[in-house]
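Hi everyone, thanks for coming. Please have a look at the sequence and the model on the screen, and then I'll walk you through a few parts of it.

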Amino acid sequence: MSHDPRTGAVVASVADTSIDQLRSVLKAAADVAPHLVATSPAERRTWLYAVADALESHRDELARLADHETALGLERLTGEVTRAAEQLRFYADVAIEGSYLDVTVDEPTATTPGLVRVNRPLGPVAVFGASNFPFAFSVLGNDTASALAAGCPVVAKAHPAHVGLSMRQADIAREALAAAGAPRGIFTVVSGHQTGIDLVKAPEVTAVGFTGSQAGGLALWRIANEREIVIPVYAEMGTVNPVVVTRQGAADIDAVAKGFVGSFTLGNGQFCTKPGLLLAPAGSSAAAAVANALREAGPEPVMLTEAIADAVGSGISAMVDAGAEVVAGLPSGEHAWSAPAAVLTAPTAVLRAGSRLLEETFGAVVLVCEYEDERELADVLRRLQASLAASVFTGGAGDDQAPQIIGLLSGNVGRVVVDEWPTGVAFTWAQQHGGPWPSTSAPASTSVGAAGLARFVRPVTYQSVHDGWLPPEAQAGNPWHLPRRVNGHRS
């Protein structure tokens, strides 16, 4: 059951998928999986492009429904529909390019056999979308698009915060896929908390894609690791994403503070890439500058769910109990699921392992600390939890402090951003949206970008197999026109 965050009124109610219905969905996905393995990337691209076109043709309708369930605003949501459609096309094009299959051929010699190594689709994938991106990271988001592009059927779970939108997207996708000639069973949406648990336990499921909280991601990770046959869980969970200001970068601390506020209040502070900790040099008055910028911005956060709204206030209290001080606090607004916004500060000495100050408060809440010198800064950075992204604000190319900071951060995050904010995540070939544990459950993977397809395939080597018996992508004639490495040389 979903609600309007502005009023608390019920927007949509969807019955939980029954166990019999789930079994039927899983059987259909398992039955169609071999067909998808044999389809060319070009054929799959036709299907994904059809879904993308269908999303765009329903853009206004979908944005309105999403706004009722998320209160994220029509302008933001209309743009996100377009992004989701472009993602579907992007991953389809990545599949066409074919390097994710990593076709590698060693021709036989007098001392070694002929070997062909190629990545093959895993099979049915379970996808759990995020509440904060009802299109880009939901039932037709990055995980679904990359899994389908890689040749895997998808069973997605509707998010309870936008369950009506989830089911509407499912209807649109199902009609588009059928019209494009896609086989039945390659994409289905189910609903219900227990259904999600049963989905991860189901023997037909070969991998899990998840975007959301640490608690939710780790729960699914544990279930998957307790199965008789363990499967990978690609959980993108996020933590506190740090921002470091160098001595030279602090020369215009007011501009940094204004940008910081704009970034951490974006989406009402409900981004997994939200910067949650600002580290600035002593004497920069960074906390006061950020506090002033927050007051000037005057955000009135409306959260996605009642539980998230309640957690903001309790998170602020917990941070105070852990040794922080509130520098600026804006009270909750009048909407049903409004939440406060706050800037807190604390001495770096309290930023130690196990401190609540090193945990994320999901919302427009941040911590600002000042460091005395490079040694203290390095010590603080080594104590932080790993995160998805980090930003460094510098004095420009001649800033001699920046290289060391970038080096330290790159050992603990998936993406280092210089003189920009981390809240935008482009879906491109070089993107890395993932980081060391516990920001993600699989640090070598990414949930955004071309490398996302690699999560849903695994390598198989064929030794001394007749060419006609190899899968199409591995055959000598290269019918799918894929890049390949032959005897150590790219072709």
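Let's begin with strand β10, which is covered on both faces: N241, V243 and V245 are buried on one side, and P242 and V244 are buried on the other. Buried here means under 20% relative accessible area, while exposed means over 50% and partly exposed lies in between, using a 1.4 Å probe and protein chains only. Five of the five residues of β10, residues 241-245, are buried, so the strand is largely enclosed by the rest of the structure. Strands are DSSP runs of E with at least two residues, helices are runs of H or I with at least four, and both are numbered from the N terminus.

Before I go on: this is a predicted model, where local features need pLDDT of at least 70 and side-chain atom pairs count only at pLDDT 80 or more, while totals for chains, interfaces and linings use all residues. Residues are numbered from 1 along each chain as its sequence is written, and side-chain values use heavy atoms, leaving out hydrogens and water.

So which strands pair with β10? One of them is β11, residues 275-281, which runs parallel to β10 with four bridges. Two strands count as paired if DSSP finds at least two bridges between them. Opposite V243 you'll find L278 of β11. To get from β10 to β11, the chain passes through helix α9, residues 253-264, in a right-handed β-α-β crossover. Right-handed means that, with the strands pointing away from you, the path from the first strand over the helix to the second runs clockwise.

β10 also pairs with β15, residues 387-393, in parallel through three bridges. There, V245 has F393 as its bridge partner.

Now follow β15 onward. With β16, residues 413-418, β15 forms a parallel pair over five bridges, and V392 is partnered with V418.

Next, helix α1, residues 19-38. Its 20 residues reach 30 Å from first C-alpha to last, close to the expected 28 Å, where the expected span is 1.5 Å times one less than the number of residues. Several of its residues are buried, including L22, V25 and L36.

Finally, how many disulfides does a search of the whole structure find? Zero, counting a disulfide as a pair of cysteine sulfur atoms within 2.5 Å. As for individual cysteines, C272 is buried at 14% relative accessible area, and C369 is buried at 0%.
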